[in-house]
Amino acid sequence: MQVDFGRTANDYVKHRAGFPERFFQRLVREEVLRPGLRAVDLGTGTGTVARGLARNGCQVTALDISASMLEGARQLAAHERLSIDWRLAPAENTGLPEASADLVIAGQCWHWFDRAAAAREAARLLVPGGRLVIAHFDWVPLPGNIIEATENLIHEFNPGPIQPYVQFGHGTGLYPAWFKDVAGAGFIGLESFSFDVAVPYTHEAWRGRVRASAKIGASLAPEQVALFDAALASLLTERFPAEPLAVPHRVFALIATRP
């Protein structure tokens, strides 16, 4: 499956819910996040994590390999009058100076990287005592719920390999494999947390959110995306007519320290 999120940047910017404020509050409580930190956001996408860091007073550098995603991120940050340094670069080779960051974070993207190389790069960027955070904000499939029905429809239109986040998280939204990744790069003091939230979506917004997923808008031809969108609209009308939908999500975060 060839995935290019740049193809679905408009839907991604408009419809994909970012990490909830509770996530950033938890990082503050864990003494990982505080004003003045030099923070690097890897695989920033539309900048949901970068903006949260900037709102909390960090000096933020945000990187992605998609120019169109970065343009969407710039627009969203400008709307909030947030100052963020946006750069077109991969997580595995950022081009940033050694020991130039207090915090490196990767939100909803670690599975797309060469994980060993990204972990080594994070260690190179961090000062001693600096923190690496790998975080996810996944929808949670349960028997009979909107996620299960949506995923079944996705599979009908694109029956190829499962999405990487499902492969590594086994549909639970929890990622034990990441512990080995960061330990292998020399990180210590590994900790994690998770919590569940329900995200409200109108039918229109949910259709846009799903179009912005890896197996639909980021990989299918436009005519296939249109057919899928019509099928999802029918499914919602028939089986989940109430609006807004309360879509279950799980936040997961792994925190590691550079020695």
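Predicted model: local features only at pLDDT ≥ 70, side-chain atom pairs only at ≥ 80, totals over all residues.
The ring of phenylalanine 228 pairs with that of phenylalanine 157; because the planes stand at 90 degrees, with the centres 5.4 Å apart, the arrangement is edge-to-face. The two residues belong to distant parts of the chain, phenylalanine 157 lying in helix H6 (residues 146–157) and phenylalanine 228 in helix H10 (residues 222–239), 71 residues apart. Phenylalanine 157, at 25% relative accessibility, is partly exposed.

In total, 12 aromatic pairs are present in the structure. A further one of them joins phenylalanine 19 to phenylalanine 23 in a tilted geometry, with 4.7 Å from centre to centre and 40 degrees between the planes. Both partners are buried: the relative accessibility is 9% for phenylalanine 19 and 0% for phenylalanine 23. These two residues also belong to an aromatic cluster formed together with Phe24, Phe137, Phe193 and Phe195.

Charged side chains were examined next. The count of salt bridges comes to 12. One of these connects arginine 207 with aspartate 229, where the closest N and O atoms are 2.7 Å apart. This pair links distant parts of the chain, since arginine 207 is in helix H9 (residues 203–211) and aspartate 229 in helix H10, 22 residues apart. Arginine 207 is partly exposed, at 24% relative accessibility, whereas aspartate 229 is buried, at 12%. Both residues take part in a network of salt bridges that also includes Asp11 and Arg211.

A second salt bridge is formed by the side chains of arginine 250 and aspartate 196, with an N to O distance of 2.7 Å. Arginine 250 is located in strand E7 (residues 245–257) and aspartate 196 in strand E6 (residues 188–201), so the pair ties together parts that are 54 residues apart in sequence. Arginine 250 has a relative accessible area of 18% and therefore falls under the 20% limit for a buried residue. Aspartate 196, with 45%, is partly exposed.

The salt bridge between glutamate 71 and arginine 74 has its closest N and O atoms 3.6 Å apart. Both residues lie in helix H4, with a separation of three residues, about one turn of the helix. Glutamate 71 is partly exposed at 37% relative accessible area, and arginine 74 is likewise partly exposed at 35%.

Helix H5 (residues 115–125) is mostly covered, with eight of its 11 residues buried. Among the buried residues are the charged Arg115 and Glu121, as well as Ala117, Ala118 and Leu125.

The largest pocket holds about 900 Å³ of space. Its lining comprises 47 residues, of which Phe5, Tyr12, Met69, Gln108 and Trp112 are the closest to the centre. Elements that give two or more residues to this lining are the helices H1 (9–15), H3 (48–55), H4 (67–79) and H7 (164–169), together with the strands E2 (59–64) and E5 (126–139). Helix H1 provides the largest share, four residues. By residue class, the lining of the largest pocket consists of 23 nonpolar, 16 polar and eight charged residues.

Key
Residues numbered from 1 in each chain as written. Heavy atoms only, no water. 1 Å grid on protein atoms, 1.4 Å probe; cavity = no way out; pocket = protein on both sides within 12 Å on 5 of 7 lines; lining within 4 Å. Points joined across faces, edges and corners; volume = space filled by probe spheres on them. Phe/Tyr/Trp six-rings, centres within 6.5 Å; stacked < 30°, edge-to-face > 60°. Buried < 20%, exposed > 50% of the residue type's maximum accessible area, 1.4 Å probe, protein only. Salt bridge = Lys/Arg side-chain N within 4 Å of Asp/Glu carboxyl O.
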